Amino acid sequence: MSAPTTTARQPAAHTATPEAPARPSRGRQTIITVIVGAIILAAASGLRIDWTDLGRVPAQVVHYLQLMFGPPNWEKLPRALEETWRSISMAWVGAIICVVISIPLGMLAAHGIGPAWLRFVLRGLFAVIRAVPEVIIALLLLAVTGLTPFTGALALGIAGIGTQGKWVYETIESVQDGSAEAVRAAGGSTAEVARWALWPAAKASLLSFALYRFEINIRTSAVLGLIGAGGIGSMLSNYTNYRQWDTVGMLLIVVVLATMLMDTISGAIRRRIMEGAKPRGMERSS
Amino acid sequence: MSSQLPATAPANASSAPSARSTPTVPPKPRNHVRTAFIAAAFVAFTVLACTPGIGGVDIDLGAFVQHWRNGWNKFVQLLQPNFAFLPRTVGPMLETLQMAIVGAFAAALVSVPLTLWAAKPTNPSWPVRTFVRTVINVIRSIPDLVYASILVVMVGTGALPGVLTLFLFDIGIIVKLVSEAIDSSEHGYMEAGRAAGGSQLQINRLTALPQVMPLFANQWLYVLELNVRISAILGLVGAGGIGRLIEERRSFFRYDDVSAIILEILVVVIIIEVISNLLRRRLV
Amino acid sequence: MHSDAGRAATGSNPAAAPWHIELDNVSVTYPNGTRGLRNVSMSIAPGEIVSIVGLSGSGKSTLIRTINGLVAASEGTVHVGPHEITSISGSALRRARGGIGMIFQGFNLAERTSVMDNVLVGRFAYTPWYRSLFGLHTQADRDLALRALDSVGMLEKVWSRAGALSGGQKQRVAIARALTQEPQVMLADEPVASLDPPTAHAVMADLQGINAERHLTVLVNIHMIDLARQYTTRMIGLRAGEIVYDGPTADATDAVFEEIYDRPIQARDTLGDDPVDAASLGEHP
């Protein structure tokens with residue numbers, strides 16, 4: 001009646017529990033768990049933190065939150081908005097600098113475009129810039145050139161090259177498919193391949209990454225302000241030093257709202273770009 | 001009525017052979033207006049961002065060149081790292097690593113329930129989900145060093161504000177990225193759990209959690225890498241770690257020491273990345 | 001009846017009597033306005049094995065999901081054994097689901113988890129939340145899981161990752177998961193649609209065996225004519241959310257199927273890889 005492959009597996013109601021095969025040993029997993037646990041314990045006990053202090057922290061935080069937000073002081077709002085715009089400008093100019101430098105460099109660092117030695121050098125450069133915290137690059141630049149929003153933007157531009165360049169060459173490499181080969185087969189030069197095969201395919205992703213750089217810069221520009229580059233971060237740092245907590249509370253609200261707003265706008269545009277890229281034709285939404 | 005049945009057999013309309021005459025060119029899609037609008041918006045925004053009168057960035061290349069000349073000797077100093085300074089960096093560097101590990105560990109613990117609350121498949125109740133997501137978005141929109149500079153005033157200087165900063169920063173990243181990953185993956189096993197009479201807690205704990213563990217492990221390692229970088233700078237505002245030393249040497253204009261520290265950070269960051277990549281290959 | 005439910009909830013009575021299923025004028029309208037079911041009434045006696053036949057989109061999946069409350073009926077009542085599914089929710093509904101096993105077309109296993117942990121999902125309805133939170137299973141639950149795995153011939157895979165199994169093995173693990181519930185009713189939603197023909201026959205034979213030996217009420221969604229004929233005794237045909245046939249499988253001629261499908265029978269409506277089956281198909285003109 002049943003299929004030939006069906007063996008005598010009649011689902012019978014056993015009364016006795018069958019012997020289960022031995023559970024495989026979890027020795028390696030246990031060893032890893034123990035090692036990781038030991039490292040975490042060592043790190044926690046090595047820190048010079050009086051862990052009893054931690055119990056104090058919630059009360060302390062509540063106290064300061066009351067000072068900040070009960071209620072915040074809106075008197076300095078106009079200046080805060082101006083400084084926010086300065087930070088956003090810094091982030092925007094920084095993003096443009098970063099993208100303008102990293103797209104050609106990143107393209108040259110992709111397989112099959114630049115010579116191998118150049119690829120090696122550029123990728124090394126990106127890796128080094130990536131490994132150094134952005135703020136430290138900014139700090140060095142600021143130390144050498146003085147503190148202005150422009151140098152802040154420049155710092156953002158340079159510090160971002162490491163990651164942005166990597167995204168560019170990864171994107172370019174991911175779109176190197178048949179179309180690049182087709183242009184090459186038609187007798188195209190490397191520049192023509194880049195222009196007619198790689199750029200159209202990678203354009204949407206690269207634009208999206210550029211906007212993403214802007215979003216990252218919004219946060220980092222506030223940080224650069226803290227160390228003196230101007231903008232909302234500088235204002236925040238000043239009022240924290242003055243201990244004017246109600247104004248600090250207002251500034252924090254402005255930072256949160258401005259960041260979320262820019263994230264939302266930029267994110268919406270990015271989604272539009274990537275959606276527009278998918279159908280690859282005249283069937284554009286809207 | 002029949003609209004509920006999926007179209008099973010409609011023939012493809014485009015299968016008719018095309019006539020061999022001059023092809024009719026379909027109209028080229030016109031995007032000029034849109035393109036022009038986007039370009040105008042881009043230029044306008046950039047111009048506004050570069051107008052100092054309204055708070056934009058003052059692109060003053062002259063001053064920049066001049067400053068650069070003033071700063072040349074600092075730059076030269078930077079190119080000559082003083083490695084003799086390194087022994088003094090061991091303690092602060094260790095503190096940096098310890099802060100990174102403790103911050104990531106604390107965030108890893110707290111991130112699990114928060115993430116499961118923030119993802120749609122693991123939390124069908126939208127009010128709770130929206131609340132958790134909003135809190136996470138607020139946490140994420142405050143930059144790390146801003147946390148540190150405020151926490152230093154709140155709880156005093158040292159490693160504690162640093163660890164708290166890393167904790168908050170990590171929570172934001174893990175919960176957002178992992179909950180989005182959970183949202184976008186397949187969850188047939190949840191229907192099976194529900195059909196067997198399981199509660200959401202049982203389904204989450206015994207099937208969803210093991211299922212998404214690799215996503216968590218991946219992000220935990222990622223924030224550990226980020227923490228090493230960030231905790232290197234938290235000392236700039238007094239939150240412990242090697243940043244304190246950078247700030248100190250910088251205020252003494254000892255840029256040779258500063259560049260030695262930076263090279264050390266670079267090496268440590270790369271080592272941590274290599275280790276975490278090894279672990280990642282094991283776990284994921 | 002009520003004492004039955006009480007004993008089932010303790011999970012210690014494998015010999016509990018099977019449940020009947022009673023749908024009274026059930027309609028389902030989805031939030032987007034789509035009508036899933038229209039005024040469906042049916043009565044299935046305890047211990048019957050019934051196939052539900054129809055094209056995809058005919059409401060088969062919706063019907064089977066209203067029986068365990070995964071899809072809520074917009075109108076009408078559903079009774080399963082002592083439970084009125086349409087009037088209960090929360091823990092009462094979860095308890096009722098405990099007595100209703102279900103297997104799926106896509107197996108619905110947690111692929112990264114071991115076979116054992118997947119099968120123990122079948123004990124959810126009988127496990128208090130604190131035990132689940134700490135992942136503690138009783139020895140009795142483990143024994144049930146092992147016995148269920150043994151009965152579908154998957155015992156030696158108990159510690160494997162579910163994702164590492166073949167399709168047929170996964171469906172057997174899914175059957176073991178449902179059996180671990182010690183259910184009174186077994187629902188199967190297109191259980192063989194993702195399987196190759198020999199495995200499909202094996203799984204259908206398993207369901208038949210469950211019905212015959214464990215005396216469960218079995219309800220199978222299927223669109224393969226020959227499988228419905230071979231393994232079930234009664235057939236319910238659905239078209240556009242309405243019951244268009246309800247009777248013994250033996251009486252369901254090809255004309256009946258053409259009526260249900262609203263089109264001539266095609267090659268893909270039969271599995272036709274089983275020698276027995278091919279012969280039986282040949283009898284029909």
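How many residues does the contact take from chain B and from chain A? The contact takes 52 residues from chain B and 51 from chain A. The model described here is predicted.

- On the side of chain B that touches chain A, 36 residues are nonpolar, 10 are polar and six are charged.

**Helix α9 of chain A**
- Helix α9 of chain A spans residues 232–241, and eight of its 10 residues are buried, so the helix is largely enclosed by the rest of the structure.
- The buried residues of α9(A) are A:Ile232, A:Gly233, A:Ser234, A:Met235, A:Leu236, A:Ser237, A:Tyr239 and A:Thr240.

**Chain B: annotation and domains**
- An unreviewed UniProt entry assigns the annotation "domain: ABC transmembrane type-1" to residues 93–276 of chain B.
- That span of chain B, residues 93–276, is 83% helix and 0% strand, and its end C-alpha atoms are 18 Å apart.
- Chain B is also divided into two domains: domain 1 covers 32–70, and domain 2 consists of 82–186 + 196–283.
- Between the C-alpha centres of domain 1 and domain 2 of chain B the distance is 34 Å.

**Chain C: annotation**
- For chain C, the UniProt annotation "domain: ABC transporter", from an unreviewed entry, covers residues 21–265.
- Residues 21–265 of chain C are 36% helix and 24% strand, with 30 Å between the end C-alpha atoms of the span.

**Chain C: an open sheet and its helix**
- An open sheet in chain C is made of four strands in the order β2-β1-β4-β5, with antiparallel pairing.
- Strands β2 (35–44) and β5 (83–84) of chain C are at the edges and have a single partner strand each, so one side of each is left without a neighbour in the sheet.
- Helix α2 of chain C, residues 60–67, packs on this sheet and touches β1 (21–29), β2 and β4 of chain C.
- The direction of α2(C) makes about 60° with that of β2(C).
- Strand β4 of chain C, residues 75–80, is joined to β5(C) by two bridges, and the two strands run antiparallel.
- C:Val80 lies opposite C:His83, a residue of β5(C).
- Strands of a sheet pair through backbone hydrogen bonds, in either a parallel or an antiparallel manner.

Conventions: Residues are numbered from 1 along each chain as its sequence is written. Chains are lettered from A and ligands numbered from 1 in the order in which they are written. This is a predicted model: local features need pLDDT of at least 70, side-chain atom pairs count only at pLDDT 80 or more; totals for chains, interfaces and linings use all residues. UniProt positions are given in the numbering used here, feature names are shortened, and annotations may be inferred rather than shown by experiment. A residue is buried if 20 or more other C-beta atoms lie within 10 Å of its own, exposed if 12 or fewer, and partly exposed in between; C-beta atoms are placed from the backbone. Two residues are in contact if their C-beta atoms, placed from the backbone, lie within 7 Å. Ala, Val, Leu, Ile, Met, Phe, Trp, Tyr, Cys and Pro count as nonpolar, Asp, Glu, Lys and Arg as charged, and the others, Gly among them, as polar. Two strands pair if DSSP finds at least two bridges between them. Axes are lines fitted to C-alpha atoms, for helices over the stretch in contact, and angles run from 0 to 180 degrees between N-to-C directions. Domain bounds come from an automatic or database domain assignment.
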